[in-house]
Amino acid sequence: MTTSTDSRDIVLAFSGGLDTSFCVPWLKEQGWNVHTVFADTGGVDAAEREFIEQRAAELGVTSHLTVDGGPALWRDFVRPFVWAGEGYQGQYPLLVSDRYLIVDAALARAAELGTNAIAHGCTGMGNDQVRFDLAVLSQGRYRIVAPIREIQKEHTQTRAFEQAYLEERGFGVRAKQRAYTINENLLGVTLSGGEIDAWEAPGEGARGWCARREQWPAEALEVTLRFENGEAVALDGNALPGEKILAKLNTMFAQYGVGRGLYTGDTTIGLKGRIVFEAPGLTALLAAHRALEEAVLSKQQNRFKPQVARKWVELVYEGFFHDPLKTDLEAFLEASQAKVGGEVVLRTRGGRVDAVAVRSPHILASQGATYAQSADWGVEEAEGFIKLFGMSSTLWAQVNSDQGGN
């Protein structure tokens, strides 16, 4: 469908919070017909989802649409992320990557309405504005309106201004005071603010899903994941859509405190960022996939793939979700998964998860040899291999020794 630059319809990525609630009357007063889209990526329960829909109606939007973002989040992010197998800077599992799927839902709605105008509630201070804007602009000629950035040009205490603005127009503001900024979706939970931002030890309140040590069950948890082409397709023998598997793993492994970390990293805008994160399901998935992959890929594949993975992760973190290079890298990652099929048994007693058994017809095992136990080659062959394999180093030592070290 063609879009119009003259349309007064605008699509707002909507969460029902203070920022996006403010955006609705602000945009209406600028002459826009506001159409809200809430992409449910797993961060709310049924009651909150209903509240968001009611909030949109209360604010007087022209239309509201709720979209189930779970399948797209699995297909477009989780699957290639697990194939990559790397966190950002070796640690962080990109837990706010649902932003890209939220953008896609908003653009799909804009296409239905025939408009090129998109709005979001990001501030001018963080990474999300980069992700939103680049994800929009890399998919077509769109006009982006960011009301929070606009009011930041004139107001320093923006949240206080937003609250007063809404209350003056008769719209209540939920008293949802939090000590921390919390992001939650199917991928996991991130927490920042307070003592975390002050480079102090996180307080007891800085916790999302993961149980404390004293709450871990006494019995070990053991689950079996089945993979086909590098993608998890079954949990404990039950075939399920990927997003359902991830949701179940979140619940199961959070009880054991798996996937919790404290991360300091380089943000897109150049500042250092510090967050507590919890990703029990992704941590379990990554552990299982890596154990299977290391058993079935060749040595050269296992050595080279992390280089591709790190670049893919950097692109996604910094907003280049639709860059052609990301597509190119995913083609390699997908090709590398052709033989990554089989079952992995995971076990945890709390805090960490281990892949304790791997079963696959593609494991690169020799019929006549086991590492450090038995071999189907002779001693002479071993000695010859060592001589040739280390020739460069031994020649260097011999040449430089003969020359007296000069």
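This is a predicted model: local features need pLDDT of at least 70, side-chain atom pairs count only at pLDDT 80 or more; totals for chains, interfaces and linings use all residues.
Local features required a pLDDT of at least 70 and side-chain atom pairs counted only at pLDDT 80 or more, whereas totals for chains, interfaces and linings use all residues. Residues are numbered from 1 along each chain as its sequence is written, and side-chain values use heavy atoms, with hydrogens and water left out.

In total, 24 salt bridges were identified in the structure, a salt bridge being a side-chain nitrogen of Lys or Arg within 4 Å of a carboxyl oxygen of Asp or Glu. One of these links Glu204 to Arg212, with 2.8 Å between the closest N and O atoms. Accessibility was classed as buried (under 20% relative accessible area), exposed (over 50%) or partly exposed (in between), with a 1.4 Å probe and protein chains only. On this scale Glu204 is exposed, its relative accessible area being 56%, while Arg212 is partly exposed at 24%.

A further salt bridge pairs Arg226 with Glu228, where the closest N and O atoms lie 2.7 Å apart. Arg226 has a relative accessible area of 29% and is partly exposed; Glu228, with 42% relative accessibility, also counts as partly exposed.

Arg352 and Asp354 likewise form a salt bridge through their side chains, with an N to O distance of 2.4 Å. Arg352 is exposed at 55% relative accessibility, and Asp354 is partly exposed, with a relative accessible area of 30%.
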